[in-house]
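Try each task before you read its solution.

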Amino acid sequence: MRLAVIGAGQIVADFLPHASAVPGLELAAISGRPARIQHLEALQKQFGIERVYTDLDDCLADASVDTVWVALPNSLHYEASRKALEAGKHVICEKPFVLEASELEELRELATARELILVEAITTQYLANYRWITEHLDLVGNVKLIQSDYSQYSSRYDAFREGTVLPAFDPAQGGGALMDLGIYAIHFVVGLLGRPHAVSYTPNLQRGVDTSGVLVLDYGETTAVCVCAKDSDGPIRSKIQGEDGWIVVDGSPNVMASVEYATRGSAPERVDLTEHPHRMIEEFLEFERIIREHDTAERDRRLDHSADVLSVVTAARAATASATQKETA
C-alpha cells in the first residue's frame, strides 16, 4: 500500500509517528494547502515521506500512489474521496465518512465500478477488544440497555466561546459534538445491533451547533443511549446490560484499552486483547490487508455498516437542524 496522506492536521500528526508499525505501508506522498508547505516539508523530513504536494490533483496524478488517506475537515471528505476514486486510487476516508447518504451511495458506486477499495477509518470497528465484544455479546443474554459516552472538553471550545468558530464547531463544515465524538459511540452501538428502528437526538445548541447532546436509538426490546460532549467532560465509558450479565469498557469507544464483564452470579473478569498501544494501528493493518488482497467482500461489508451509521447521523442532524430553527425563531 503506497499511501498519499491528504491533510496535515491533528489526526495525521497522531498517526505518522506509528505508521512504521504497519508492514506493507509506504508513505509515498503528503498533500496539503500551499500555506502549510513548511509544515508539510517538516513532516516529509521527519517521517521519510517521498513527495510533498500542495495541489490535490497533482498528488492524485502521481502514478506511484495506489491509496489515499483522506484526513481533511469533515465537509471535504466527499469531494476528495470522489476525486481519488476517479483517479483510480483506493480510498481510506476518516470518520465521519461523508455528510449525506447520497454522497456515500455515489462513492460506493464509483468504487464498485472501478474495482477499488473504499473504507471509513473508524478505530472502534477494528480494535481487538471490540471484536471480542461482538463475538461474546451472548454472554449477557438478551441485551436491554447500551450506554456509550464520549465527553471531552474541546481544546477549541474556549475559542468558540469567545466567538472564533473553527471547523470543529462549524455546522457548515460538519462540526459539532455528534460528528466529532458521538460518531464513535454510534459505531459502537450500530456495530453490535445494526440499524435502529428509530432515532432521536436532543442537542445542546450554541450558535447553531451541537456542543453536546444525547442520542437515543430504539431497537424495540433494546434501547441504546449515546452521550457526546465537547463543552464539558466527565468519566467516559460504555456499558452493555443484559438479562444474564453486563459488559463495561472504561475509557472512550475509539480506544477500548480493556473490557470487563460478568455473568449473573459470577465475579467480574477482565479481557485485554490489544494488539498495539496506538489505537490506529489495528485499523491500518486491516486496511493494508484488504487492499493487498483486494477483498471487495470485506469492503462491501464495511460499507454496509457505514451506511447504517450514516442513517443514524442523518436523522440526528435533522433533529439538530429542527432545534436550530426553533432556537432562532
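**Exercise 1: H278**

H278 is buried, because its relative accessible area is 8% and buried means under 20%, exposed over 50% and partly exposed in between (1.4 Å probe, protein chains only). Before going on, note that this is a predicted model: local features need pLDDT of at least 70, side-chain atom pairs count only at pLDDT 80 or more, and totals for chains, interfaces and linings use all residues. Residues are numbered from 1 along each chain as its sequence is written, and side-chain values use heavy atoms, with hydrogens and water left out.

Task: find where H278 sits and what H278 touches.

Solution. 
- Step 1: look in the loop between β14 (269-271) and α9 (281-292), where H278 is found. Helices (H or I, at least four residues) and strands (E, at least two) are DSSP runs, numbered from the N terminus.
- Step 2: set aside neighbours within four places in sequence, and H278 is in contact with D14 and H18; contact means heavy atoms within 4.5 Å.
- Step 3: check the D14 side chain, which makes a polar contact of 3.0 Å with the side chain of H278. A polar contact is a pair of N or O atoms within 3.5 Å; within protein, one must be able to donate a hydrogen and the other to accept it, and residues adjacent in sequence count only if both atoms are side-chain atoms.

**Exercise 2: S64**

Task: decide whether S64 is buried, partly exposed or exposed, and list its contacts.

Solution. 
- Step 1: go to the loop between α3 (56-60) and β4 (67-70), and there is S64.
- Step 2: its relative accessibility is 24%, so S64 counts as partly exposed.
- Step 3: leave out residues up to four places away in sequence, and S64 touches R2 and R51.
- Step 4: S64 and A28 are 36 residues apart in sequence, yet 7.3 Å apart in space, C-alpha to C-alpha.

**Exercise 3: I11**

Task: work out which element holds I11 and which residues I11 touches.

Solution. 
- Step 1: I11 belongs to helix α1.
- Step 2: I11 is partly exposed because its relative accessible area is 22%.
- Step 3: not counting residues up to four places away in sequence, I11 touches W69, A71, E94, R279 and M280.

**Exercise 4: Q125 and the second largest pocket**

Task: say how Q125 is placed and which residues lie nearest the centre of the second largest pocket.

Solution. 
- Step 1: Q125 lies in the loop between β6 (118-121) and α6, and at 8% relative accessibility Q125 counts as buried.
- Step 2: follow the side chain of Q125 to the backbone oxygen of H187, at 2.9 Å.
- Step 3: apart from residues up to four places away in sequence, Q125 touches Y130, H187, F188, G191, R302 and H305.
- Step 4: Q125, Y130, R131, R301 and R302 lie nearest the centre of the second largest pocket, out of 17 lining residues. A pocket is an open set of points on a 1 Å grid over the protein atoms alone, where a 1.4 Å probe fits, with protein on both sides within 12 Å along at least five of seven lines; lining residues have an atom within 4 Å of a point.
- Step 5: α10 gives the most to this lining, with five residues.
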